[in-house]
Structure formats: C-alpha cells, structure tokens
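Here is a short briefing to read alongside the model. Please keep the sequence and the 3D view open as you go.

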Amino acid sequence: IAQSVGLRPVDWFGAYPLFSIIVIVAWQWLPFATLILLTSLQSLDSEQKEAAEMDGAGIFSRFWYLTLPHMARAITIVVLIQTIFLLGVYAEILVTTNGGPGYASTNLPFLIYRAALLNQDVGGAAAGGVVAVILANIVAIFLMRFVGKNLD
C-alpha cells in the first residue's frame, strides 16, 4: 500500500514491535469495549437529556454531568476486564514478534514462557510466575479501590 502511493514500505514488526502489538490487541478488544459502552449510552433516558436541554445545559455540560456519570459503571467494567486481559497477553507476542527484536516486545508472561520452555529454567520461570501473581494482585487491588468504587 505504501509503495502504491510512492512511500517506502515500513517493517512494522521490526521497526515498531511494541506499537504493532498494541495495535493488534486494541483491534482485538475494541469491538467488545465499544459494544459495552454503546449499550450504556443507549440506556440513558431521553427524558433526562431533554430536561437538561430545556434547563439550558450545553452539550459539554450535558456530557460531563449527565452522560459520563451514567456511563461510569460501564467504563469501570470495561477498564477492569481490559486490564485483567492485558496482564496475560502472550499469544499475540509469540505469533508476531516472538518477543523481539531482542526483548523489545517482551512482557512478563512471555518472559516466563521463554525462561521455562526455551531456556529450560524452571526455577526462574516459577519465580517469574510468583512475581506475576503478586503484580496482578497489586493491580487488582488498585483497580478495585480506585476504579471499582463506581460499582457501589
């Protein structure tokens, strides 16, 4: 495509490996998040929107004081589910870049895989697994305290 418009082709996985993984994972999970947020947006009562409009609320104040608070639960759910999923991204890295070039696109689950199966360092992989569980718990506690308060 780049050559057809006179540009040089870009080796995305070689030049920008982490960005490429981010784009793949975002493309994979964007429909799910969009569906949840769209459902929340459609469940907003039209009478509330009309009342705010009749009271003279502008488009930004309606969004900030009516739409965003209404969508807070859905946003919280999407953030929690996406974060839990992102802590285990492994297959995308294995299939596309194999953790490289070098360690440029390596995350903790892939590093554990590399230690256990490729380097046959079972002890290092077990230690990495313990670290991964501890980090996942820290992230889960953080999310439940700061983001999950909207679920009350």
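In which loop does Ala57 lie? Ala57 sits in the loop between helix H3 (46-54) and H4, where helices (H or I, at least four residues) and strands (E, at least two) are DSSP runs, numbered from the N terminus. This is a predicted model, in which local features need pLDDT of at least 70, side-chain atom pairs count only at pLDDT 80 or more, and totals for chains, interfaces and linings use all residues. Residues are numbered from 1 along each chain as its sequence is written, and side-chain values use heavy atoms, with hydrogens and water left out.

**Annotated spans**

- An unreviewed UniProt entry lists residues 1-143 as "domain: ABC transmembrane type-1"; UniProt positions are given in the numbering used here, feature names are shortened, and annotations may be inferred rather than shown by experiment.
- In the model, residues 1-143 are 73% helix and 0% strand, and the end C-alpha atoms of this span are 41 Å apart.
- The feature "transmembrane region" is placed by UniProt (unreviewed entry) at residues 15-38, 71-91 and 125-147.
- Residues 15-38 are 96% helix and 0% strand, with end C-alpha atoms 35 Å apart.
- For residues 71-91 the figures are 76% helix and 0% strand, with 32 Å between the end C-alpha atoms.

- Ala57 is partly exposed, with a relative accessible area of 25%; buried means under 20% relative accessible area, exposed over 50%, and partly exposed in between (1.4 Å probe, protein chains only).
- Setting aside neighbours within four places in sequence, Ala57 is in contact (heavy atoms within 4.5 Å) with Ala52 and Arg62.
- Thr67 belongs to helix H4 (residues 59-70), and Thr67 counts as buried because its relative accessible area is 12%.
- Not counting residues up to four places away in sequence, Thr67 touches Leu41, Leu44 and Arg62.

**Nonpolar core and surface patch**

- The largest nonpolar core has six residues in all: Ile21, Val25, Val89, Ile93, Phe110 and Tyr113. Such a core is a set of buried Ala, Val, Leu, Ile, Met, Phe, Trp, Tyr and Cys residues joined through side-chain atoms within 4.5 Å.
- Helix H2 (17-42) and helix H7 (108-118) are the elements that give two or more residues to this core.
- Ile93 touches Ile21, Asn98, Gly99, Ser105, Asn107 and Phe110, leaving out residues up to four places away in sequence.
- Val10, Trp12, Tyr16, Phe19 and Val23 make a nonpolar surface patch of about 510 Å². Patch residues have over 30% relative accessible area and no salt bridge, with like charges joined within 9 Å and nonpolar side chains (Val, Leu, Ile, Met, Phe, Trp, Tyr) within 5 Å. Accessible areas come from the Shrake-Rupley method with a 1.4 Å probe, and for residues only the protein chains shown count as cover; a salt bridge is a side-chain nitrogen of Lys or Arg within 4 Å of a carboxyl oxygen of Asp or Glu.
- Val23 is in helix H2 and is partly exposed, at 43% relative accessibility.

**Backbone features in loops**

- The peptide bond from Gly100 to Pro101 is cis, with omega near -5°, and Pro101 is in the loop between helix H6 (91-96) and H7.
- Asn98 is also in the loop between H6 and H7; this residue is not a glycine, yet has a positive phi of about 55°.
- At 40% relative accessibility, Asn98 is partly exposed.
- Gln120, in the loop between H7 and helix H8 (122-147), has a positive phi near 50° and is exposed at 64% relative accessibility.
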